[in-house]
Amino acid sequence: MSDYRQMWTDLGLNLPAHDALLNALPGLYKEIYLSQTDRPKGMEYFDFVVSEIHGLRVRELMDHKAKGGKVLAAMCVFVPEEVVYAAGAICVGLCGGIDWASDEVEKILPRNLCALIKSFMGFKLDKVCPYFEVADLVVGETTCDGKKKSFEVLNDYIPVHVMETPQMKNEADYRMWAGEIRRFITVVEKLTGNTITEENLRQGIRKIDARRKALQRLSATRKASPSPISGKDALLINQIAFYDDVDRFTLKVNELCDELEQRNADASPATIEDDLRIMVTGTPMAIPNWKIPHLVETSGARIVFDELCTGERSFQNLVGDMADKDMDGMIEAICRRSLEIDCACFTPNQPRIDKILTKSKEYRVDGVIHYALQSCDPFTIEGFRVEKSLKEKGIAAMRLETDYSQEDAGQLKTRIEAFFETLRERREMNG
Ligand code: SF4
Ligand code: SF4
């Protein structure tokens, strides 16, 4: 990586703490990612992006700002990125996948909050995340109480605009969310000084839909047996989607898909797939939270489907072709697309369960792992119904609750291996 120390100093980062964070990543990445064999060549680009995670992309954002552009940071897939790009601004996802500055965080937030919230707050308090420091505005939402109240605290450190997300999907909720999108348009116009027009919103929709289509294509390649890419690599790509340049990322994912589709075409039909096929569903896994996928894929299984917001939920549906739509029609379409996301913040949330059942069959999974961060009420509570519904349909399932520490890794591995043993017995019984 080039020398970015001057850039980090200009951003006001806490350099000693930032060095400690960056020093932790390469060893972890080598062990989890670079140790994999037979990785697609197209992963080289994504390895490069990770190696430059606090370098090149941050430089691009600063160059954008130097020309008068704005950067918005979001933490949820409900935030309508289309609006941000329509105004000529850039949207980045803030990560929160590692414990950081917990002692400082716990002075202002309760200990028993989920690790994701504590992580992003730790990054801000300790000034180690260049994306936080480069952002002009954080866009929060009210999906869960932990985030909702934490955004009030975060607002003391950086301006935060909070969008009120509905918790049901009745017509009144659609109207309310469309109103929130209009309020967001006003905020973005004020911040950027640019007016959102039918034409630039249409362009913004096309840009983000193209990225979603590329990720849908990637997901479709994983239906093959054997799946041509590891679940860890697929997760990494989805995590990078939140902060990389949208057009370049879309191009690189499509190039990778060319390679994966060729792999699938070249695979011998007689190839016997030894690895179990697993679906992971639940709480999103922010970078660098790779704990569960690594445990799963070093225990004789391959993850072939992720029902996560760092997976399917972020790209499962498109806003669509807006050629004949006016501003109202486009806002309506953005609103409907996002409310099809089956986040556990919704009640009731049967469509999520139905989707897990459908995708279990479509991707021919041997079993489903429901993953939830400790203290994440929406997903830990919903996990029970998900597991019950799967078992009623004869699909094997297990629930895991964990945090970002490695203390329980041995115990989790034992449980995962025991689950996989039962899946192998089932495979044998079913021939
Ligand atoms: S799980 Fe819910 S709150 Fe979290 S990113 Fe997804 S939609 Fe947003
Ligand atoms: S992981 Fe759960 S509790 Fe934490 S921010 Fe997301 S929805 Fe809220």
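In which loop is Asp-38 found? Asp-38 belongs to the loop between α2 (15-34) and α3, where helices (H or I, at least four residues) and strands (E, at least two) are DSSP runs numbered from the N terminus. The structure is a predicted model, in which local features need pLDDT of at least 70 and side-chain atom pairs count only at pLDDT 80 or more, while totals for chains, interfaces and linings use all residues. Residues are numbered from 1 along each chain as its sequence is written, and chains are lettered from A and ligands numbered from 1 in the order in which they are written.

The chain as a whole contains 19 helices and 8 strands. Its radius of gyration, taken over C-alpha atoms, is 21 Å, close to the 22 Å that the globule rule gives for 431 residues, so the chain is as compact as a globular protein of that length. The globule rule is 2.2 Å times the number of residues to the power 0.38. Along the principal axes, the C-alpha atoms fill a box of roughly 65 × 50 × 45 Å.

Most residues other than glycine have a negative phi, and most peptide bonds are trans. Asp-38, however, has a positive phi, near 55°. A cis peptide bond, with omega about 0°, joins Ser-225 and Pro-226; Pro-226 lies in the loop between α11 (198-221) and α12. The bond from Ile-287 to Pro-288 is cis, with omega near 0°, and Pro-288 is found in the loop between β5 (276-282) and α14 (291-297).

Two helix pairs may now be considered. Axes are lines fitted to C-alpha atoms, for helices over the stretch in contact, and angles run from 0 to 180 degrees between N-to-C directions. The axes of α3 (residues 43-51) and α12 (residues 231-240) come within 11 Å and cross at roughly 55°. The two helices are therefore oblique to each other (angles under 35 degrees count as roughly parallel, over 145 as roughly antiparallel, 65 to 115 as roughly perpendicular and the rest as oblique). Met-43, Phe-46 and Val-49 of α3 make the contact with Asp-233, Leu-236, Ile-237 and Ile-240 of α12, two residues being in contact if their C-beta atoms, placed from the backbone, lie within 7 Å. The residues of this contact comprise 6 nonpolar, no polar and 1 charged. Here Ala, Val, Leu, Ile, Met, Phe, Trp, Tyr, Cys and Pro count as nonpolar, Asp, Glu, Lys and Arg as charged, and the others, Gly among them, as polar.

In the second pair, α10 (residues 171-192) and α16 (residues 327-339) pack at about 120°, with their axes 9 Å apart; these helices are therefore oblique to each other. Residues of α10, including Trp-177 and Ile-181, meet residues of α16, among them Ile-331 and Leu-339. This contact has 8 nonpolar, no polar and 2 charged residues.

Finally, the model holds ligands. The shell around ligand 1 consists of Cys-76, Val-77, Phe-78, Thr-143, Pro-284, Cys-309, Arg-313, Ile-341, Cys-343 and Cys-345; a residue is near a molecule if its C-beta atom, placed from the backbone, lies within 6 Å of it. By class, this shell has 8 nonpolar, 1 polar and 1 charged residues. Ligand 2 is surrounded by residues including Cys-114, Thr-143, Lys-147 and Phe-379. Helices α7 (115-126), α9 (145-154) and α18 (377-392) each supply at least two residues of the shell around ligand 2, which divides into 8 nonpolar, 3 polar and 1 charged.
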